[in-house]
Amino acid sequence: MAFSIRIFWKPMDLGCRYVSKTATKTVSDFEYDAPCMKTPVPGPRSKELTKQLGEIQNVAAINFFCNYEESRGNYLVDADGNRMLDLYTQISSIPLGYNHPALMKALTNPNNLSAFVNRPALGILPPENFPDNLTESLLSIAPAGMSRVQTMACGSCSNENAFKAMFIWYRNKERGTNSPSPEETSSCMINQSPGCPDLSILSFMGAFHGRTMGCLATTHSKVIHKLDIPSFDWPIAPFPKLKYPLEEFVRENAQEEARCLEEVEDLIVKWRQKGKPVAGIITEPIQAEGGDNHASSDFFIKLHNIARKHGCAFHVDEVQTGGGATGKWWAHEHWGTNDPADIVSFSKKMLSGGYYHKAELQPDKGYRIFNTWMGDPSKNLFLSEVLNVIRRENLLEEVTRSGKTLLQGLYELQSQYPHLLSQARGQGTFCAIDAPDDVTRDKLLLKIRDKGVLLGGCGEKSIRFRPALVFKEYHAHQFLNIFNDVLAKYKSSSGRLW
């Protein structure tokens, strides 16, 4: 499929209005060279479309409408022709930016047509090339110690079914056989024990693991996710509240992590005494939706040891952190252990969903982990192409370089504007910085959007950065200069934006 335009680099007087030197730009021949804003966002066309869609469904969360056909690489074009540098990428889910040539080529490959035209019920009638498809894509990047993967469609259903796998594993371990009793088979049909046992999953305050019913019981990041929805009485541990930069507060942070780990053990014991044993512990390597909250490798390794000690499965949720944004394919690789977890769930940049698991968490019967589609083979074809590009272009090394530039720039900006920014942190390009409060944060996001940059918020007052893997050092400098311009206009004396 040919592109209708080819935008080449032209020298621009970007200057450098913060304390760093502009990087040399190297851009592929299909990407735009800079943001270009024609209207405020949302513009007239987006407002018109929002009104139209509002007669059909709830549009309260919509920011604006997009022209995906004209979007390229790191730049998203909206329905009003505004071109924005996208550092949010559909909530961290676009690996190679928009309309990448390798993916466009895969779409037009005649050998791939069947995968796009025929979406099979993978649990009962998979295509004959499915084992090879999984081997080339998902299994080629499997976490250490895992050779099994269960495909799903999205992050929530990945975690939901991973919970089921942990419960099944735990009960089979308890009963010592895969054969349930007649009492279990009858009582489960009316939602009663022992067939529906009182088991629990331990999660952390600030966590986000999805919006389906089971996942909501482990999600604790925003009220809007949980309000009015019945939930389970499952234990919630405090997640470490660390001071940044981490290397300057090693002792204080170690004490905070020790406090939280002690609380984890106390909760496991307490819930066992309540008759609701903890079958599994779930955690994110970096709490994303909850505010980009970090913890040390030592914390996660000790957390895994606690799970082992108490006979719980250890589930690492890499839905947002997986896919290369931290400079390694999996964020847990930064822990430096060859036994990171029992289950690792994924989605977003992986273009589909699912979870890897150790062999002992394989369901003992068919249909126990099941839905109609259980993933999508066409998305695995796309993932294979994404992996080819990443390896060919050394994009994980690129992420590390551009991430250092981005984080260094954020450090410099928080030094220049300490009344506006603090707590810069990150791994790779998976970065965040705090505003003084949510009102200031939200105003900053809107102001920088009108200047041609898309960012996201998370937690109580954080700004999060989630660019594609094709984000270069040049793009980091481009963003930092624009951000500096927005910050410089803040009326610090009055505490108001403009």
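**Notebook: aromatic pairs and overall build**

I looked up phenylalanine 465 and found it at 0% relative accessibility, so it counts as buried (buried means under 20% relative accessible area, exposed over 50% and partly exposed in between, with a 1.4 Å probe and protein chains only). I note that this is a predicted model, in which local features need pLDDT of at least 70 and side-chain atom pairs count only at pLDDT 80 or more, while totals for chains, interfaces and linings use all residues. Residues are numbered from 1 along each chain as its sequence is written, and side-chain values use heavy atoms, with hydrogens and water left out.

Phenylalanine 465 sits in strand S14 (residues 462–465) and phenylalanine 479 in helix H15 (residues 473–488), 14 residues apart, and the pair links distant parts of the chain. Helices (H or I, at least four residues) and strands (E, at least two) are DSSP runs numbered from the N terminus.

How many aromatic pairs does the structure hold? I find 19. In one of them, the rings of tryptophan 330 and tyrosine 356 have centres 5.7 Å apart and planes at 85°, so this pair is edge-to-face. Tryptophan 330 lies in the loop between strand S7 (313–317) and strand S8 (343–346), and tyrosine 356, 26 residues away, lies in strand S9 (residues 353–357). Tryptophan 330 is buried at 2% relative accessibility, and tyrosine 356 is buried at 0%. I also noted one aromatic cluster formed by Phe204, Phe239, Phe299, Phe300 and Trp335.

Turning to the whole protein, I counted 15 helices and 16 strands. The radius of gyration is 23 Å, close to the 23 Å that the globule rule gives for 498 residues, so the protein is as compact as a globular protein of that length (taken over C-alpha atoms, the rule being 2.2 Å times the number of residues to the power 0.38). The C-alpha trace spans about 75 × 60 × 50 Å along its principal axes, and 53% of the 498 residues count as buried.

Terms used: Phe/Tyr/Trp six-rings, centres within 6.5 Å; stacked < 30°, edge-to-face > 60°.
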